[in-house]
Amino acid sequence: MTLRHALRRALDRLPFPAFLRRPTVERELDDELRFHLDRAIERNLERGMEPKAARRAARRSFGGVEQVKEACRDEWPGITLDGLVRDVLYGLRSLRKTPGYTAVVIAILALGIGANTAVFSLVHGVLLSPLPYPESDELVVLGQKAPGAGVEDLDFSVAEIADYREQTDSLELAEYHGMTFTLLGRERPERVSTGVVSADYFDLLGVEPVLGRSFRPEDEAPGADPVLLLGNTYWRRSFGADDDVVGRVFQMNDRPHRVVGVLPPLPHYPAEQDVYMPTSACPYRAAAQEAMHENRNAGRMMGLVGRLAPGASIEQARAEVKTVANRFEREHPDNYTEDLGFGASVARLQETLTREARPLLALLLATTALVLLIACANLANLNLARSRRREGELVARAALGASRGRLVRQLLVESTLLGLAGGAAGLVVAYLGLDVLTELLARFTPRAAEIALDGWVLVFTLGLSVATGLAFGLMALPPRFDLARALRTDSGRGPIGTGRRGLRGALVVGQVALALVLLAGAGLMIRSFVGLQRVQLGFDPEHVLTAEVSLNWSKYSSIEGELAPEEAEALTRAFWHELLDRLDAHPEVVAAATADRFPFATTGSPFLQEVTIEGRAEGPEAVEPRADLREASPGYFEALDIPVLRGRTFSERDHADAPAVAVVDRSTAEHLWNGRDPIGRRLSTDEGDTWATVVGVVGDHRGYGATDRVYPTVYRPTAQAGGAFRVIARTRGAPSALAADLERLVYSVDPDQPVAEIRSLERIVAESVASPRLTALLLGLFAVLAVVIAVTGIAGALAFSVGQRTRELSLRMALGARPGEVAWLVVRRGVLQVALGVALGLGVSLAAGPVVESLLFRVEPADPGTLTVVAALLLVAAGIACWLPARRATEIPPARTLQA
Amino acid sequence: MTKPRADAHPERTGELLQGTLDLLILKTLALGPQHGWGVSERIRQISGGTLETKEGSLYPALHRLVRKRWIASEWGVSENNRRAKFYRLTAKGRKQLAREEATWRRLSAAVNRVLEAV
């Protein structure tokens, strides 16, 4: 054997793709068969046949040359690619011949796969992908709680931070808190959200600036030159991504800060801030630092983020933190009283960022998966019907020598092609819908910014497309291929039709059950949303404009020591007096006021403070009642249309030198004075140092997001208690009419005072229910989709069955069966399947109830009303689906078919 | 001229010989290397005309046996001086032939016993 020969043999053994070898191999095959044919012709000639006859006979005996070649090709190893290409081309041809089927399948797949792709992008971006910080699984967040005061999320004080830092070995800690500053030095005063962080904050996270440098320990030293880091979004938005910004100096309130760098575009924890400065630059923080030894609670406004020390585990960190917290209670029993229920915890940063989004994501994932399942079941049914119609073609191919394996492969390639096409279309669907979904998620997690159609999502889509294609292809395969029976031209009964009836029925039951589950989910969400809309707010949000006017506290407060406290207070009061006067004078304004907060200004729950009632003899262990404290100016109640139930509200005569007064709401009156008239009684909010007389009772309100809970509220006038941060004004017409003038009015009182967050209260309240609204909308959409798919599936299956039984039915009618009986005969199975499906779906809905409970509002997961309505809807829809085929069945003329 | 037997349904002959065709080919090649036409002729001759191989079955079978490495192929010159593809039995093929022969004999003996029992 020559070397070339041996090489050829070796090459032959490798599974080389055919198109590399094809020319030679094909030619050889041709030569081989031609040789055989020639010899056959020769023999025929020897036997005395005429040349023409000889050739014809030989060819006939040979059979189809092409078929023989095909059969040989099938036997070759490693030619799968070639065969695959041929299968693909064949599949494309046959799909083109049935454009209706192809279009419907691709459309259904596009919706089903697209929805799943979009939700997977959400899940991947928010839950699966690691945080974009180095070693992000080592990053943790510390938390404290005081449930006795109604607070689940308690900020850290300066003293506590110092203790945690000193007393833990397994953690490196950095602190942060959010403030607002006025940035001066540009055309207009700008209010900027500011993150005040310890110098090691960015190093701990592993964040490198894109321009300039990060904070250094020297920046935090007392008396150091104040510096500033710009957030990436703010830098782009406000400075146009100007590279020259580093080194520029801006005035933050009254102190010049030098910009030393710009941060990269990474998600901010805990929230997006415009700029960052070191702790030494915040006067509140500095003041709290000085007071920390006398006042344990000084500066209670910080958050703590940490990184596990090398080799430490999160359990160690948890144990240490718990020990430190227990020590707090022991060493400072006055601050950490029993009733507070104080505790501290450590959680992974990734988990904290994503916790709120998890229920919603789970819901979306389950929903889209269900929709896809229903779609698959439906497509399998469609495919089965199509196979039935293609019987002839398949039979012919089998007769020509295609093995069963070959045919199966062919059918699967076809359905996979459809799956891939549907997946590609699904990507477009996902791309279109992703923005809306991302916006929804953004309310639940700051990681929403990381959601994108990236590589992993594409891989997922590809896998899902192939899997789906294979799935509905496999479900539609003929069970046995009996050629002999197939060749009989029997009407209606072919090898594909008879088998698989049980599977088709199961598919219908499954579809109905899933559709019911989705409908139930959507129904519950819609009821939740409606319930939220109907929550009695206790005030009227229409025609109210709100704005945030946080006074430049360097100018208006004594915190920096330049003004005496009385001077600062006088300045502040003068500002508000002037502003409110000018507002009241505005023709659009009905009533204007200032307050520390207004309803829905913040989400989350308020920190309830202790209120002492005069004249109540309490034992030493008694728990003080707690209420939400609010400071408001006289116009507040009128501006919000909060009803006055008894007595009066604030007026001009409740100024700083007048006797201290307070107004309470109804629930406070109930709880604190057991329903007795509180007017004239006195209460204290600072443990008895000062007392205020109650002069009026107003109605309750709900002001903390979409919830049922009423927090008892005690109001103090801003003239006496300070706390004026926000402006609210009731307008005659639309609030937008006042919006433009508001800024102008504020500037006319103080040109350096920025106004921010000018919004109408109606919009704010509407936004608070935006998430449930969007979720209800989405689920409703999916549910409708599922019902449509399921109903078409039922109708299709029944129509198919009618087609199968045409002869039988017409026979029956010829034998005297009434149309009604025939219709019932056809529909009987369908009705049974639907009933079974509904029952199954109800069962699943009840079982899955606890899972969605957290997302519902004022509605039980097993709400009988919703489930009944939903089941009825589905039965009606299914009934309509059954009706059409039933009617068709009755229209089968008895006589004609008997002739066949 | 020997015609194919009248009751030999083309399809059935193919099916029947699927497993046995392999055996016959292997046996034929045990007598010496041969091209496809030669194998077909040999089988016909030795069986006295009873067994006719269809080209549609023969050549795929030959290619299959090559894939299974029981036979190997080589281009050569035929007895009438033409280029032809020759097949020969490999060592593996020889072992397989022995196995299949044994199985066949066992099976046919069993069938015979049943037929004679009645």
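Predicted model: local features only at pLDDT ≥ 70, side-chain atom pairs only at ≥ 80, totals over all residues.
## Extent of the interface

The size of an interface is often given as the accessible area lost when the parts come together. Here, chain A and chain B bury about 2500 Å² between them, and 52% of that area lies on carbon and sulfur atoms.

In terms of contacts, 25 residues of chain A meet 31 residues of chain B.

## Polar and charged pairs

Five salt bridges are counted between chain A and chain B. One of them joins the side chains of A:Arg39 and B:Glu79, with a distance of 2.8 Å from N to O.

## The side of chain A that touches chain B

Four helices of chain A each supply at least two residues of the side that touches chain B: α1 (3–13), α2 (18–46), α3 (51–62) and α4 (65–75). The most comes from α2(A), which gives twelve residues.

By residue type, this side of chain A divides into eleven nonpolar, three polar and eleven charged residues.

## A bent helix in chain A

Helix α29 of chain A covers residues 819–852, 34 residues in number. From the first C-alpha to the last, α29(A) reaches 47 Å, close to the 50 Å expected at 1.5 Å a residue. At A:Val827, α29(A) bends by about 45°.

How values were computed
Residues numbered from 1 in each chain as written. Chains lettered and ligands numbered in written order. Heavy atoms only, no water. Contact = heavy atoms within 4.5 Å. Buried area = accessible area lost by both parts, 1.4 Å probe. Salt bridge = Lys/Arg side-chain N within 4 Å of Asp/Glu carboxyl O. Nonpolar A, V, L, I, M, F, W, Y, C, P; charged D, E, K, R; others polar. Expected span 1.5 Å × (residues − 1). Bend = angle between axes of the 7 residues up to and from the residue.
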